[in-house]
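Subject: Structure for you to look at

Hi,

Here is the structure I promised to pass on. Have a look first, and then read my notes below.

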Amino acid sequence: MNKEICLKIYEENKDCIYWYLKKKCTWLSENDVHDIMLVVWFELSSNIHEVYNLTNKTMQSAWLLSVTHRQALHYKKGE
């Protein structure tokens, strides 16, 4: 059940995550973008109860973008 919930939330947000990484984090390579998207999936699956209990889809999206942003900065610091 958790996997299905994760997949639903991720599928609803993956285009936004990808767009954010490509447009706002231009220092990332395509491989970095895909690596970060995998990390976001992992974070979502590790925190699915927290994310699922957020009151609406906008808050879920904000949570995912926050994780995405932190990971992009992590990659930038690693340069």
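A quick definition to begin with: I call a residue buried under 20% relative accessible area, exposed over 50% and partly exposed in between, using a 1.4 Å probe and protein chains only.

Two housekeeping points. This is a predicted model, in which local features need pLDDT of at least 70 and side-chain atom pairs count only at pLDDT 80 or more, while totals for chains, interfaces and linings use all residues. Residues are numbered from 1 along each chain as its sequence is written, and side-chain values use heavy atoms, with hydrogens and water left out.

E4 sits in α1, and its C-alpha is 15 Å from that of E50, which is 46 residues away along the chain. I9 is also part of helix α1, and with a relative accessible area of 3% I9 is buried. Contact, by the way, means heavy atoms within 4.5 Å. Setting aside residues up to four places away in sequence, I9 touches L44, I48, V51, Q60 and L64. Along the chain, I9 and Y20 are eleven residues apart, and 17 Å separates their C-alpha atoms.

Next, α2. This helix covers residues 30-46, 17 residues in total, and reaches 24 Å from first C-alpha to last, close to the 24 Å expected at 1.5 Å a residue (the expected span being 1.5 Å times one less than the number of residues). Which of its residues are buried? They are V33, I36, M37, V40 and L44. Looking down the axis of α2, these fall within an arc of 105 degrees, so they line one face of the helix; the arc is that of the directions from the helix axis to the C-beta atoms. The face turned away from the buried side of α2 carries the exposed residues N31, L38 and F42. Packed against the buried residues of α2 are α1 (2-24), α3 (48-52) and α4 (57-77).

How do α1 and α2 meet? Their axes come within 10 Å and cross at roughly 150 degrees. Axes are lines fitted to C-alpha atoms, for helices over the stretch in contact, with angles running from 0 to 180 degrees between N-to-C directions. Among the residues making this contact are C6, L7, I9 and Y10 of α1 and V33, I36, M37 and W41 of α2.

Finally, α4. Its 21 residues reach 30 Å from first C-alpha to last, close to the 30 Å expected at 1.5 Å a residue. Buried in α4 are Q60, W63, L64, V67, T68, Q71 and A72, and what covers them includes α1, α2 and α3. Take Q60: at 7% relative accessibility Q60 counts as buried, and beyond neighbours within four places in sequence it is in contact with I9, V51, Y52 and L54. L73 also lies in α4, but at 33% relative accessibility L73 counts as partly exposed. Between L73 and K8 there are 26 Å, C-alpha to C-alpha, and the two are 65 residues apart in sequence.

Cheers

Key:
Helices (H or I, at least four residues) and strands (E, at least two) are DSSP runs, numbered from the N terminus.
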